[in-house]
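Here is a short briefing on a two-chain model. Take the overall build of each chain, then the place where the chains touch.

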Amino acid sequence: MYSTLLSINFDWLLLIEKAVLIAIIISVSLLVAMYETWGERKVAAFMQDRRGPNRAGPGGLFQPLADGLKLFAKEEIIPNSSNRFLFVLGPGLAMLTAMMTSAVVPWGSHFDLFGRHISLQIADINIGILYIFGVVSMGVYGIMIGGWASNNKFSLLAAIRGASQIISYELAMGISIIALLMITGSLSLKTIVEQQQTGHYYVLLQPLGFLIFLICAFAECNRTPFDLSEAENELNFGYHQEYSSMKLGFYLFAEYVNMFISSAVMATLYWGGYDVPFLNDATFGQAHGQNLLATLQVVSLFVKIVAFIFFFMWVRWTIPRFRYDQLMKLGWKVLIPLALFNMLVTGFLVLLKQNHWHF
Amino acid sequence: MQPLTSRARAVERKPMTMWERMYLPAIAKGMSITFSHMFKKKPTVNYPEKTRPFSPVFRGLHVLNRDEQGRERCTACGLCAVACPAEAITMEGAERLPGEENLYREEKYAAKYEINMLRCIFCGLCEEACPKDAIYLSETFAPANYTRKGFIYGKEELLIPNPVTEPEEFAKAQGGRVKQ
């Protein structure tokens, strides 16, 4: 029996390869999230004519380490009247869903190392976008469970706000993605990037769709101007009011990881993903080797991601928070009709193109 | 209605145009403003490394002065304590013994001289009252301590370094505004 099991032709090295890749991507997203907190404070400071953290290390570079250490050293308080299991589950779930999305994002084409063809994507599943949507919708459970388990009115209100906000904006986001999918004809993120490498970036074909997606991404990440679920002046920090120590840190961290991942998704869907602009990948790969090309691609994707992250922060320190009715009005009365309009126009044009109309 | 001042302006309440209702131009304008602020000069002074220059009449912590030969000027006359509106100064006088002429300028000196820095209001009346120019308010400020007791400054804290043996420390403690 063992002999039959062992004789199945299974690539055991693939497991190791993927495990290493997962470890790298998770640690990189945590590192990026750490330095996002530093960047956020610096950007905020510069935009308000301040200096920002500049005491810990050169330019305050060790500030995230100090912050993390502080969070670990804080006393951990679980309220008596809370549901203990769910109270601990909440931040864990928020972190888990934030990390899971990175599995389908292609971080580069592939490396040729040790005679192996190592793809820089953990899983190239053919329903990549659907998977992202599924996981992102799960993200609201972190807020919901945390807010409910705290047994605090403010937390519960914040959780309800967060849930209804994410549900409303997911609709518009989904519809704007449908318009994109009509053009690509594929749900696999790798295929979408490869199409953009040879053709145009999809932001050129879908400017309105990208704008809607961007706004909805802000809402999904609970970033200002959509941070109603943690509105500090109305709701006392909302769903993480009762949290302390690293459980609070997990919530805050999950927000930054979410920001990183949604930047990656936006870059992948609309801005060519790991494609290096103004560079013919195929000829460059033959001339200078695949590994150099893949490195360049990873760098290119990260430059795009950092630009998006900066944009997230820039918006946060410019635009004030929406009122709740304004938020709902924007979601249901503006973004969804716009997204539907965008989808219909795109569908019409795709249909014309398929019937060999040239324009 | 007659406006009350010449600066009154009527508020426009006309409905927003399509362009305004899109909000995106206004958002872009706001974002350009915040972006331009990123490159502006920061008004912050990096405090412990850099300090702002004081005005010449700044009144900081007190210093008990010495004369050019390094002798204490204070004669424990008590005029500063009388002048002090916050009653922050106490002292005990003592007579100079033979052989101490290089330490104290007059025949009488302050054996104990204490200023409670928590009571002091830094008005500078002690400096004005002193007939011997023995006390003046320096440019040092922001004392820090763990206990209230630590804010009662004795002679060790107040007395200026000796100008003969430690001229550099003396000049530093003296600052730029002592009356000689």
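This is a predicted model: local features need pLDDT of at least 70, side-chain atom pairs count only at pLDDT 80 or more; totals for chains, interfaces and linings use all residues.

For chain A, with 359 residues, a compact globule would have a radius of gyration near 21 Å; the chain has 22 Å, so the two agree. Chain B is another matter: its 28 Å is well over the 16 Å that the rule gives for 180 residues, so chain B is more spread out than a compact globule.

**Chain A: overall build**
- Chain A carries 14 helices and 2 strands.
- Its C-alpha trace spans about 60 × 55 × 55 Å along the principal axes.
- Of its 359 residues, 41% count as buried.
- Take the contacts in chain A between residues at least 6 apart in sequence: 80% of them join residues at least 24 apart.

**Chain A: the hairpin**
- Strand 1 of chain A covers residues 110-113, and strand 2 of chain A covers residues 116-119.
- The two strands run antiparallel and are joined by 4 bridges.
- A:Phe111 stands opposite A:Ile118, which belongs to strand 2 of chain A.
- The hairpin has 2 residues between its strands.
- In this hairpin, A:Phe114 takes a positive phi near 50 degrees.

**Chain B: overall build**
- Chain B has 6 helices and 5 strands.
- Along the sequence, these elements follow the pattern α-α-β-α-β-β-α-β-β-α-α.
- The C-alpha trace of chain B spans about 95 × 45 × 35 Å along its principal axes.
- Of the 180 residues of chain B, 17% count as buried.
- Among contacts in chain B with a separation of 6 or more, 71% are between residues 24 or more positions apart.

**Where the chains touch**
- On the chain B side, 11 residues are in contact with chain A.
- On the chain A side, 9 residues take part in these contacts.
- The chain B residues that touch chain A divide into 5 nonpolar, 4 polar and 2 charged.

**Points to take away**
- What does the globule rule say about chain A?
- How many residues of chain B are in contact with chain A? The count is 11.

Notes
Residues are numbered from 1 along each chain as its sequence is written. Chains are lettered from A and ligands numbered from 1 in the order in which they are written. Two residues are in contact if their C-beta atoms, placed from the backbone, lie within 7 Å. Ala, Val, Leu, Ile, Met, Phe, Trp, Tyr, Cys and Pro count as nonpolar, Asp, Glu, Lys and Arg as charged, and the others, Gly among them, as polar. The radius of gyration is taken over C-alpha atoms; the globule rule is 2.2 Å times the number of residues to the power 0.38. A residue is buried if 20 or more other C-beta atoms lie within 10 Å of its own, exposed if 12 or fewer, and partly exposed in between; C-beta atoms are placed from the backbone. Two strands pair if DSSP finds at least two bridges between them.
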